[in-house]
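This briefing is meant to be read alongside the sequence and the coordinates.

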Amino acid sequence: MRQGRSDAFDRFVANRWPALLHLSRLLTAGDRHRAEDLLQEALVKLWFAWPKVADQAPEAYVRRILARAAARSARRRWWGEQPTDPLDRLPDAPEPADETAAVDERTRLEAMLAQLPARQRAAVVLRYYQDLPEQQVAEVLGCPLGTARSLTARGVARLRRLMAEAAEPVPTSVSSAE
């Protein structure tokens with residue numbers, strides 16, 4: 001019995017890890033290390049609840065844990081160690097590779113998502129990235145439907161403003177130096 005539980009859990013994690021890690025990254029404003037920690041914490045909680053949720057909706061359970069833990073984590077001021085070079089220099093940037101427009105756009109969108117408050121970011125990610133209905137977004141966030149709608153609408157409006165600001169050309173001053 002115990003081995004079957006472990007095998008089913010292992011299969012679930014192996015199949016859903018990339019999608020759950022991406023969701024976690026979006027919820028933590030692109031911080032890969034915090035996202036991995038958050039997902040590990042959620043999977044530990046899932047392990048203990050596995051007998052109850054395995055036959056129902058384990059992904060929805062993990063999604064709820066991730067959204068709540070990300071919001072809780074965002075309220076903290078310090079998330080742990082911040083490794084730096086002894087000389088307080090950042091490592092050299094990697095050489096530019098052949099990047100496609102889709103990767104650039106996704107990176108730009110993730111940076112803009114990072115500027116949203118945690119609950120708005122969670123609402124937008126759950127609604128539009130995870131494609132959850134509004135009622136499920138409200139359930140995952142643990143709030144009324146109207147609040148989830150409001151968080152989503154405000155988050156999308158803020159993203160639109162940020163995208164419009166990023167698209168506007170920067171005015172340059174022309175001076176005559178003759």
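The chain exposes about 12200 Å², of which carbon and sulfur atoms supply 53%. The model is a predicted one, and its chain holds seven helices and zero strands.

**Overall make-up**

- Read from the N terminus on, the elements of the chain run α-α-α-α-α-α-α.
- Of the 178 residues in the chain, 33% are buried.
- Among contacts with a separation of 6 or more, 64% in this chain are between residues 24 or more positions apart.

**Aromatic pairs**

- A search of the whole structure for aromatic pairs finds three, one of them the edge-to-face pair of Phe9 and Trp47, whose rings are 5.1 Å apart centre to centre with 75 degrees between the planes.
- This pair links distant parts of the chain, given that Phe9 belongs to helix H1 (residues 2-27) and Trp47 to helix H2 (residues 32-53), 38 residues apart.
- Phe12 and Trp50 form a pair that is classed as tilted because their planes stand at 45 degrees, with ring centres 5.6 Å apart.
- Since Phe12 lies in helix H1 and Trp50 in helix H2, this pair also ties together parts that are 38 residues apart in sequence.
- Both Phe12 and Trp50 are buried, and ring pairs link Phe9, Phe12, Trp47 and Trp50 into a cluster.

**A charge over a ring**

- Arg127 lies over the face of Tyr128, at 5.6 Å from the centre of that ring.

**The nonpolar core**

- In soluble globular proteins, nonpolar side chains tend to be buried together.
- The largest nonpolar core of this model has 41 residues, and the members that touch the most others are Leu46, Val62, Leu66, Leu126 and Leu141.
- At least two residues of this core come from each of H1, H2, helix H3 (58-75), helix H4 (101-114), helix H5 (118-129), helix H6 (134-141) and helix H7 (145-167).
- Leaving aside residues up to four places away in sequence, Val62 touches Phe12, Leu20, Leu39, Ala42, Leu43 and Leu46; Phe12 is also a partner in the tilted pair described above.

**Helix H5 and the residue after it**

- H5 has 12 residues and spans 15 Å from its first C-alpha to its last, which is close to the 16 Å expected at 1.5 Å a residue.
- The buried residues in H5 include Gln120, Arg121, Ala122, Ala123, Val124, Val125 and Leu126, and Leu126 is among the core residues that touch the most other members.
- H5 is followed by Asp131, which has a positive phi, near 60 degrees.

**Helix H7**

- H7 has 23 residues and reaches 33 Å from its first C-alpha to its last, close to the 33 Å expected at 1.5 Å a residue.
- Its buried residues include Ala148, Leu151, Thr152, Gly155, Val156, Leu159 and Leu162.
- An α-helix has 3.6 residues a turn, so residues three or four places apart point the same way.
- The cover over the buried residues of H7 includes H4, H5 and H6.

Methods:
Residues numbered from 1 in each chain as written. Predicted model: local features only at pLDDT ≥ 70, side-chain atom pairs only at ≥ 80, totals over all residues. Heavy atoms only, no water. Helix = DSSP H or I, 4+ residues; strand = E, 2+ residues; numbered from the N terminus. Buried < 20%, exposed > 50% of the residue type's maximum accessible area, 1.4 Å probe, protein only. Contact = heavy atoms within 4.5 Å. Areas by Shrake-Rupley, 256 points an atom, 1.4 Å probe, with all protein chains shown as cover. Phe/Tyr/Trp six-rings, centres within 6.5 Å; stacked < 30°, edge-to-face > 60°. Lys NZ or Arg CZ within 6 Å of the ring centre and 35° of its normal. Core = buried A, V, L, I, M, F, W, Y, C linked by side-chain atoms within 4.5 Å. Expected span 1.5 Å × (residues − 1).
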